[in-house]
Amino acid sequence: MALFDVKVQNQLKDILKNMKENVKIINFTQAIECPMCKETRAFAEEIASLSEKLSVIVYDQIADSDMIKKYGVERIPAIVLLDKDGKDHGVKFYGLPGGYEINSFLSSIIEMSGMKQALPADIASRIKKIDKDVHIQVFVGLSCPHCPAAVEVAHRLAMENSNIKGDMIDSNNFVHLAQKYNVTGVPKIIINEKYELLGAHPMNTVLDVIESLK
Amino acid sequence: MDFNLSTISFAAEKNFTPVDPGKVYDVLIIGGGPAGMTAAVYCMRKGVDTAIIIKNIGGQVAETSSVENYLGYKYINGVELVDKFKEQVFQFSIGYEEGQGVTAVTDGDIKSVTLDDGRVLRSRALIIASGKSWKKLGIPGEQRLTGRGVAYCTICDAPLFAGKKVVVVGGGNSGVEAAIDLASVASEVVIVQLMEELTADKILIDKLNSFNNVSMIFSSRVTEIIGEDLVKEVTVENVDTGKSSTVVTDGIFIEIGLDPNSSFASGVVEMNSASEILVDSGCATNRDGIFAAGDVTSVPFKQIIIAGGEGAKAALSACEYILKRN
Ligand SMILES: Cc1cc2nc3c(=O)[nH]c(=O)nc-3n(C[C@H](O)[C@H](O)[C@H](O)COP(=O)(O)OP(=O)(O)OC[C@H]3O[C@@H](n4cnc5c(N)ncnc54)[C@H](O)[C@@H]3O)c2cc1C
């Protein structure tokens, strides 16, 4: 059964027309005993079928453990987006980006394709200066309207600077992980395991935290 | 699996331009809820040079699951309605800033508006349409445990309490709506209500009564929220007897209404005791060239259609003011 009805398919096709270059979707999955893995794979494959600029590769967590390592995938289901040259920019989705999160997924695809709005000069130069490893985990809920904005900021930062990695994590798919970080409100942004921001914050606030990292 | 696609965010054609601190706009609009976005459309159609500053686009409407009393739509979900508003605003080359809040405004022949990141914008007229946000209880533990069991936005956070016990503070419409949303996922819901009974609309109370995992504590208020990393329990005081008791809980949703977002304008424009900006029937404040519209004002009844209408009025008043000046 198709995840998207015809109306949504057509809307998605229209949106994906904004893509500039090709983007590769890598889906990490496992055949059995993995909640939402089957659905996430179907999601990745269906989206990829809606644009000539999209392609999809599916890896199995066990059979392709080298790929899990290569892309630093910590749990499944996962989706990693690669640019036209197959380069990994640290843009990941853990769980199926459904509900409101479809918007951050599309937005990251379009930005990964090279269709990016220019950043203000001061913000761009602040991002450039970041020289330590930064891992941004954004815990979301699929019924949360403010969450995509938080994911988009993390992913854009990851695309702009190779020291930064950004993850979307569906709190309701990865319940134990969400509990570990005491997530009871979304979006919740965890930076380098230590620092947390609650709510969607503009890029400059996230940069303030990153710049304060020791 | 549902997909809440916001098609307009991806429309190739967005005509708006980044805000320019170097120029003096005719009109600056603060807020992107129904009031601010309606004002934007009216100002642009009148041809005055306008910019809009929006902290969270859609305002309260973006946090509403269903709207059934905005004419033209028998039923529409909040995000879809916001999308329609955006579509209508984005067709104009309006100055546009999203994600930044206004921290201060100053009056004068030219008004100035300071943003979170320190930039200052200037204009001849100002429309304040900054709406309202969730009211806080102002009790010990509330701020420290926000996002650690203390929550305000039900549609955002209810799923995180699946199988858990939650307290809902407030027995009016927002409290009962929250309790209904929570009752279908949580194991147990306890409503703490200050009055002797629920004050929500009958249709909501009937729906609430169809759940068997909801209980109520009347004539009571929550006085403290306790927990280290996460909410563990809350203290509930009976307002008649003064006696306190403890309710063990995984979370607490605070649904006691809303407060106006007007602090950045305090000392500049006149407000009532609830910090709502006082306006006349043309949306003018007590300061020349400063107008206000929607939930942030003293106008009675807070609804989307009312905020939209007030936004239109404020825009037309501001345009008239600009025209007379020039
Ligand atoms: C859960 C819920 C359900 C509701 N259901 C309905 C319904 O079914 N029907 C109905 O008619 N009404 C409903 N309402 C009420 C309705 O949403 C409001 O009356 C309406 O949104 C008010 O519009 P507004 O533009 O005045 O303010 P808001 O919607 O509050 O918008 C304010 C805007 O200003 C921005 N802002 C705030 N502070 C600043 C700042 N410092 N700088 C810059 N921008 C700022 C905000 O981010 C937002 O964009 C509901 C409200 C809630 C909370």
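# A tour of chains A and B

Start in chain B and select helix 4, residues 173-183; its buried residues are Gly175(B), Val176(B), Ala178(B), Ala179(B), Ile180(B), Leu182(B) and Ala183(B). Keep in mind that this is a predicted model. Now show what covers those buried residues. The cover includes helix 3 (154-157), helix 5 (202-209), strand 12 (165-169), strand 13 (188-192), strand 14 (214-217) and strand 18 (251-254) of chain B. An α-helix has 3.6 residues a turn, so residues three or four places apart point the same way.

**Chain B, whole**

Zoom out and colour chain B by domain. Domain 1 takes in 5-133 + 258-325, and domain 2 takes in 150-254. How far apart do the C-alpha centres of domain 1 of chain B and domain 2 of chain B lie? They are 33 Å apart.

**Chain A, whole**

Switch to chain A. Colour 6-112 as domain 1 and 121-211 as domain 2. The C-alpha centres of these two domains of chain A lie 19 Å apart.

Next, select the residues where the two domains of chain A meet. Domain 1 of chain A brings 25 residues into contact with 26 residues of domain 2 of chain A. Together the two domains bury about 1900 Å², with 57% of that on carbon and sulfur atoms. Pick out Tyr94(A), Tyr100(A) and Glu101(A). These residues supply 28% of the area that domain 1 of chain A buries against domain 2 of chain A, more than any other three residues.

Now look for charges across this domain interface. How many salt bridges does the rule find between domain 1 of chain A and domain 2 of chain A? There is one salt bridge. Select Arg156(A) and Glu111(A): they form a salt bridge, with the closest N and O atoms 3.5 Å apart. Polar contacts between the domains of chain A number eight residue pairs, both residues at pLDDT 80 or more. On the domain 1 side of chain A, strand 4 (88-94) and helix 4 (102-112) each supply at least two residues. By class, that side has 11 nonpolar, nine polar and five charged residues.

Centre on Ala78(A), in strand 3 (residues 78-82) of chain A. Is Ala78(A) buried or exposed? Ala78(A) has a relative accessible area of 0%, so it is buried. Show its contacts, leaving out residues up to four places away in sequence: Ile26(A), Asn27(A), Phe28(A), Val73(A), Phe93(A) and Tyr94(A). Tyr94(A) is one of the three residues picked out at the domain interface of chain A. Then draw a distance from Ala78(A) to Asp167(A). The two are 89 residues apart along the chain, and their C-alpha atoms are separated by 9.7 Å.

Move to Asn173(A), in the loop between strand 6 (164-170) and helix 7 (175-180) of chain A. Asn173(A) has a relative accessible area of 15%; buried means under 20%, so Asn173(A) counts as buried. Its contacts are Pro35(A), Met36(A), Pro77(A), Gly95(A) and Leu96(A), again not counting residues up to four places away in sequence.

Stay in that loop and select Ser171(A), also between strand 6 and helix 7 of chain A. Ser171(A) is buried, at 2% relative accessibility. Follow its side chain to the backbone oxygen of Val140(A), reached at 2.8 Å. Beyond four places in sequence, Ser171(A) touches Phe139(A), Val140(A), Ala178(A), Val183(A) and Val186(A), and also Leu160(B).

**Where the chains meet**

Select the interface of chain A and chain B. Here 38 residues of chain A are in contact with 29 residues of chain B. The size of an interface is often given as the accessible area lost when the parts come together. Chain A and chain B bury about 2800 Å² between them, and 61% of it is on carbon and sulfur atoms.

Which residues make the salt bridge? Select Arg148(B) and Glu196(A), whose closest N and O atoms are 3.1 Å apart.

Helix 4 of chain A gives the largest share, five residues. By class, this side of chain A has 20 nonpolar, 16 polar and two charged residues.

Methods: Residues are numbered from 1 along each chain as its sequence is written. Chains are lettered from A and ligands numbered from 1 in the order in which they are written. This is a predicted model: local features need pLDDT of at least 70, side-chain atom pairs count only at pLDDT 80 or more; totals for chains, interfaces and linings use all residues. Side-chain values use heavy atoms; hydrogens and water are left out. Domain bounds come from an automatic or database domain assignment. Contact means heavy atoms within 4.5 Å. Buried area is the accessible area (1.4 Å probe) that two parts lose on being put together, summed over both. A salt bridge is a side-chain nitrogen of Lys or Arg within 4 Å of a carboxyl oxygen of Asp or Glu. A polar contact is a pair of N or O atoms within 3.5 Å; within protein, one must be able to donate a hydrogen and the other to accept it, and residues adjacent in sequence count only if both atoms are side-chain atoms. Helices (H or I, at least four residues) and strands (E, at least two) are DSSP runs, numbered from the N terminus. Ala, Val, Leu, Ile, Met, Phe, Trp, Tyr, Cys and Pro count as nonpolar, Asp, Glu, Lys and Arg as charged, and the others, Gly among them, as polar. Buried means under 20% relative accessible area, exposed over 50%, partly exposed in between (1.4 Å probe, protein chains only).
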